[in-house]
Amino acid sequence: MARIYAVGVGPGDPELLTLKAERVLRRTPVICAPVASAGDSSHALSIVEPFLDRARQEVIVRVFPMRKDREGLDEFWEEAAATVLDRIRRGKDVAFVTIGDPFLYSTFLYLYRIFRERHPDIPIEVVPGVTSINAAAAAAGIPLAAASERIAVLPATFEEGKLRTTLMEFDTVVLMKVNRVFDQVFAMLRELGLEGNGAFIARAGTDQEQVVFDLDSLVGKKLDYLSLLIVKK
Ligand SMILES: C[S@@+](CC[C@H](N)C(=O)[O-])C[C@H]1O[C@@H](n2cnc3c(N)ncnc32)[C@H](O)[C@@H]1O
């Protein structure tokens with residue numbers, strides 16, 4: 001039976017794609033990529049484009065809106081799932097590409113849930129990828145954890161009280177999706193005396209990579225969605 005591959009394509013640099021991901025992407029007849037809204041270009045697809053042969057492979061782009069409020073999102077995931085299912089039923093393998101790793105806050109997880117619940121017979125193979133966390137830590141020169149240190153990873157959009165507790169309790173805290181709430185997070189870091197302990201990294205592992213240690217300089221600025229904050233005590 002045809003199968004679904006969930007392929008992690010890393011943070012942006014095609015050299016950070018695994019050999020396995022490259023092999024799967026070259027030989028899979030259908031490639032499916034997510035975009036946040038219609039008309040956008042897919043970051044994941046742009047990373048793997050050098051490995052694709054559009055004359056031989058079908059490339060499908062589907063909208064997966066990115067918002068916290070899940071109301072009305074099911075129809076988008078159902079539509080993408082139906083498209084993938086159609087190709088599988090026709091005996092074609094499908095590779096769904098996601099930035100970083102497919103099992104870390106990825107759009108693929110919505111499809112994964114649908115297929116595991118409703119089509120458990122369809123094999124799904126996950127090809128792990130280099131996460132944005134690894135690429136950001138490398139870019140900033142910040143080791144994520146040593147010896148008995150504890151690390152927490154969470155979306156910065158997390159409830160304020162829990163975010164404060166996490167910042168106090170862990171040695172290293174990685175805040176994903178920080179762009180829209182940066183000013184509030186920075187105010188909290190200042191309150192906790194941690195404003196000098198962080199690094200903001202945007203587009204890690206790409207040629208537009210940006211690493212900022214002076215977090216104060218980012219307050220009030222419009223920040224890239226592809227960015228995260230590492231707080232290290
Ligand atoms: C939907 S999550 C995808 C995470 C991805 N699956 C991974 O393994 O890294 C999107 C968030 O990942 C982070 N991100 C993804 N790519 C990034 C990059 N190149 N540099 C910095 N942060 C990135 C940002 O925090 C962004 O808001």
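**Ligand shell and sheet**

Trainee: How do the residues of the shell around the ligand divide into nonpolar, polar and charged?
Mentor: This is a predicted model, in which local features need pLDDT of at least 70 and side-chain atom pairs pLDDT 80 or more, while totals for chains, interfaces and linings use all residues. Residues are numbered from 1 along each chain as its sequence is written. Ala, Val, Leu, Ile, Met, Phe, Trp, Tyr, Cys and Pro count as nonpolar, Asp, Glu, Lys and Arg as charged, and the others, Gly among them, as polar. The shell divides into 13 nonpolar, 9 polar and 3 charged.

Trainee: Which element gives the most to the shell around the ligand?
Mentor: Helices (H or I, at least four residues) and strands (E, at least two) are DSSP runs, numbered from the N terminus. At least two shell residues each come from β8, β10 and α5. With 3 residues, the most is given by α5.

Trainee: Which are the edge strands of the open sheet of 5 strands?
Mentor: Two strands pair if DSSP finds at least two bridges between them. The order is β6-β7-β10-β8-β9, with mixed pairing. Pairing on one side only marks the edge strands, β6 (151-155) and β9 (210-212).

Trainee: Which residue in β10 does Thr172 stand opposite?
Mentor: Strands β7 (residues 172-176) and β10 (residues 227-232) pair in the antiparallel sense over 4 bridges. Opposite Thr172 stands Lys232.
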